[in-house]
Amino acid sequence: MTAKEVRDLGYVKWKDPYAWMESMRGKRWEALLHTEKAHYNALLAQPYVHRLNVQMEKEIKAAHQYLSLEPFKIGGGTIDIFLIPSSRFMWKWSWLPRSAEKPAYDVDVQGNIVWYVTSNEDKKYKNQLICEDSTGKRIWSKSAVSSQLAIIDDLCYFIKVVEYFRTVELCVCDAQTGKEERVIYREPDKERDLFLYKTANKTLYLQSQDPVSNHLYRVKDLDVIPLYKNSMFQMPLGESMFSSNCVYTRNKVDEPWIPHGKPIENWILPAEEIQWMNLATGQVLTIHEGAQTIWHCAERRRPAILFKIKAGLIDPNIWTKWENSLIQSFHIKCPFDIPHIIHIINNKIVRNPIPVDIKIKHPLAFPLLDVKRFHVASVDGIMVPYVVIKQKGVIPKAQILYVYGAYGDTTPIDWPYQNWYPLLIRHWAIVFAFVRGGGDVDAAWAEAARREHRHVSINDFESVIRAAQHKLHLGPDKTVLYGRSAGGLPVGAIVSRYPDGQLVGAAYTEVPYVDVLRTSSNPDLPLTIGEYKEFGNPREILSQFKELLEVSPVNTVPSDGAPGVFVMSHVGLLDKQVYAYESFKWIQRLRGLEHGVNDSSDPKGKYVTFERHEAHTYDIKHLPRFRSMDLAILEAWVEKKLR
C-alpha cells in the first residue's frame with residue numbers, strides 16, 4: 001500500500017456512515033442528543049438509582065470540603081493559592097475572604113500588582129492574561145495565550161496560541177502597561193509545543209518539545225539563546241550563584257541525566273525517575289511505580305530521603321524557586337491522610353495545623369484504607385505494577401479499574417476519597433493500572449507504548465484486569481473499567497476484544513478518545529499534528545495506520561457490537577480536545593448498528609450522555625452532580641438492581 005493510498009483510506013475517501021456526526025449541529029444531531037439523553041435519564045429515574053444519586057452527591061460534596069484546607073503562599077505571603085481537582089487553581093489576596101477567589105492556570109505578583117492567566121467561562125479554551133491591582137481594578141489584558149506567564153522586572157513574557165492549543169510564539173510586553181508587545185521566538189514546527197520554565201533566581205527558559213525530544217532556550221531580556229543542541233531532553237534548574245546555567249540533559253530515554261553547571265555537576269541523584277528539582281534547596285522529587293519521594297541532594301553526598309508516600313500525589317509549590325524562597329511547600333494527596341501541606345525548612349518537615357478560620361460544615365470520618373502494590377507479567381513478560389485500594393478489613397464486592405497510559409503522564413491516585421468516596425464506603429476496590437505509555441515508572445516506560453506500540457498498553461491493561469480479578473476473587477460481573485480521555489483507548493480496546501462479557505461486565509468512560517484512527521488521520525483537528533509522535537501519523541506511515549486500525553475502539557468493535565458489556569460514556573459538548581461525536585459513534589457501534597442512525601428505542605445496555613456547557617474537564621462546582629449520577633448507575637448495575 002502506498003502513502004497516497006494510506007492517506008485516502010485514512011481520511012479523504014474513507015466511507016464512514018457515522019461521519020455526519022462530526023458536524024455536531026443540525027436537526028439530525030439534535031435528535032440524536034435528545035434520544036441519548038432520554039435513554040440515560042431513564043436509568044436515573046429508576047427509584048433505586050435516584051435515591052443513590054441524591055445520597056452520593058451529598059457524599060462527594062462532603063468529601064470535597066477537605067481538598068483545600070490550607071493554601072500555598074507566594075508573593076511574600078500576599079497571595080494564597082488553593083489547589084482544586086481541576087487543571088486550574090484558585091487564588092486570592094491573602095487578606096480577602098475565600099469568596100474573593102478567582103480561577104487561574106498561572107500567576108505572578110510584584111507588590112500590589114498581580115498577573116494571571118484564566119479562561120473566559122463564556123468561551124471555553126479562550127485563555128486571557130490579566131493584569132490587575134490589589135483592589136481588583138484591571139490594568140490591561142490579552143487574549144489567545146497559553147496557560148503560562150512570567151514577570152521579570154518590567155517585562156511580561158507569555159506564549160501566543162492559535163487553533164485553541166497550538167503554541168506558536170513567545171512574546172514580551174511592558175509588564176505595567178501591556179504595551180510594546182513583540183515576538184521574540186516563533187516555533188516553525190507544527191508538531192512541537194512551547195513551554196516556559198520559571199526556575200531559580202528568576203531564570204527563565206523556553207522549551208520547544210514533542211513527546212520524543214526537547215529543544216531548550218535561555219530567555220534573557222529580549223534574547224532567546226539555544227542551549228545543549230545535541231541533547232534529547234533537558235531539565236533546567238536556573239542560574240546559580242556561580243553564574244552557571246544549571247541544566248540536566250539526557251541523550252536517550254533510557255540513559256541517566258547529565259549535569260551541567262556548578263554546583264549540580266557534583267550532585268549525586270537518586271536512581272528513580274526525576275519529576276521536579278529545586279536548585280536552591282537541593283530538593284528532588286522522584287516517582288517509581290506510583291510511589292513518590294522527596295530527596296535532598298548535595299555535592300558528593302548520597303541523596304537522603306526527606307519524605308515518601310507509597311501511593312498518591314506530591315505536588316510542589318512551583319513558585320517557590322522562582323521567588324528564591326528557602327521554605328519549600330508540598331501539597332500531599334495520598335490514601336493515608338486527608339489532603340494537607342507540608343513545609344520543608346532546612347531539611348526538616350513541618351506540618352501546620354488546620355487554620356482556625358477553616359470550617360467543615362459536614363464533617364466526615366474517613367475509614368482507613370488498605371493500599372497494596374502488586375506486579376503481573378504482561379504478554380511480552382514485562383512486569384506491570386498495579387495498586388489496589390480498599391477499606392481496611394473489607395472484602396470488596398466489586399472493583400473499578402483505572403487506566404490512562406499516554407503522554408508519559410502519571411496515573412492520578414491522589415486522595416482516593418475525593419473521586420471514589422461513594423464506592424469505597426460501599427465496599428468497592430479501586431485498582432490503578434500503571435501500564436506502559438504512562439509516566440509511573442520512567443521515560444522509557446512511556447516511550448514503550450507510543451505510535452506502532454499502542455497495543456502494549458492494552459496488553460498490559462488486560463494482564464492487570466486478570467490479575468486483579470484473581471487477587472480479589474471478583475468475576476466479570478463485578479468488574480468495571482474506567483478510562484478518561486486517552487484512557488478511553490485501552491478501555492474501548494478491551495471491550496472490543498471481549499464483547500460478550502468474557503473478561504469485564506461494564507465500562508465507564510469520560511470524554512474518551514475512541515475514534516483514534518480517524519482523528520489521527522485528520523490534520524485539520526486542533527491536536528492531531530501535535531500528537532503524531534504520541535499516537536502516530538496514519539496518513540503517511542503504513543505501520544502506524546495498521547496499528548491504529550487494530551486498536552482504535554471505533555474500528556475494532558465486532559459487527560454485532562458488544563452485547564455482553566454494559567457501557568456508559570459521559571462527555572462535554574464544548575470539548576475540543578476529544579470531540580463529543582467520538583463517544584456517540586462508539587456507542588452506536590457497540591449496539592451493533594451499522595448505518596450511523598439509532599433507529600432503535602432499545603439502547604442495548606449502551607449509554608452516552610452529555611453536558612452542553614462543559615468541556616474536557618468538569619467545572620469543579622458541577623463535578624459532584626455529574627459524578628454521582630454515573631456512580632449511582634454503576635452501583636445499581638453491580639447490585640443487579642438496574643433495569
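**Ser-628 and its setting**

Mentor: Ser-628 has a relative accessibility of 0% and therefore counts as buried. The model under discussion is a predicted one. Ser-628 belongs to helix H13, which covers residues 623–638. Apart from its neighbours within four places in sequence, Ser-628 makes contact with Asn-53, Met-56, Glu-57 and Ile-60.

Helix H13 also holds Ile-633. The relative accessible area of Ile-633 is 0%, so Ile-633 is buried. If residues up to four places away in sequence are not counted, Ile-633 touches Tyr-40, Leu-43, Leu-44, Val-49, Phe-566, Met-568 and Leu-642. A separation of 43 Å lies between the C-alpha atoms of Ile-633 and Val-284, which are 349 residues apart along the chain.

Helix H10 spans residues 542–551, and its residues Gln-544, Phe-545, Glu-547, Leu-548 and Val-551 are buried. These residues lie on the same side of H10, because the arc they cover around the axis is only 165 degrees. In general, an α-helix has 3.6 residues a turn, so residues three or four places apart point the same way.

The structure contains 28 aromatic pairs. One of them joins Tyr-164 and Phe-165, whose ring centres are 6.3 Å apart and whose planes are at 50 degrees, a tilted arrangement. Tyr-164 has a relative accessible area of 32% and is therefore partly exposed. Phe-165, by contrast, is buried, with a relative accessible area of 19%; the cut-off for a buried residue is under 20%.

The pair of Phe-584 and Phe-610 is likewise described as tilted, because the ring centres are 6.4 Å apart and the planes stand at 40 degrees. This pair links distant parts of the chain, since Phe-584 lies in helix H12 (residues 581–590) and Phe-610 in strand S35 (residues 606–611), 26 residues apart. Phe-584 and Phe-610 are both buried. Elsewhere, ring pairs join Tyr-66, Phe-366, Trp-415, Tyr-417 and Tyr-421 into a cluster.

Charged side chains also meet aromatic rings. Arg-218 has its charged end over the ring of Tyr-205, at 6.0 Å from the ring centre. For Lys-262, the charged end sits over the ring of Phe-242, 4.5 Å from its centre.

These details may now be placed within the whole protein. Its secondary structure consists of 13 helices and 35 strands. The radius of gyration is 25 Å, close to the 26 Å given by the globule rule for 643 residues, so the protein is as compact as a globular protein of that length. The C-alpha trace extends over about 70 × 60 × 55 Å along its principal axes.

Of the 643 residues, 60% are buried, and Ser-628 and Ile-633 are among the buried residues. Among contacts with a separation of 6 or more, 59% are between residues 24 or more positions apart. The accessible surface amounts to about 25,900 Å², and carbon and sulfur atoms account for 52% of that area.

Methods
Residues numbered from 1 in each chain as written. Predicted model: local features only at pLDDT ≥ 70, side-chain atom pairs only at ≥ 80, totals over all residues. Heavy atoms only, no water. Phe/Tyr/Trp six-rings, centres within 6.5 Å; stacked < 30°, edge-to-face > 60°. Buried < 20%, exposed > 50% of the residue type's maximum accessible area, 1.4 Å probe, protein only. Helix = DSSP H or I, 4+ residues; strand = E, 2+ residues; numbered from the N terminus. Lys NZ or Arg CZ within 6 Å of the ring centre and 35° of its normal. Rg over C-alpha atoms; globule rule 2.2 N^0.38 Å. Contact = heavy atoms within 4.5 Å. Areas by Shrake-Rupley, 256 points an atom, 1.4 Å probe, with all protein chains shown as cover. Arc of directions from axis to C-beta.
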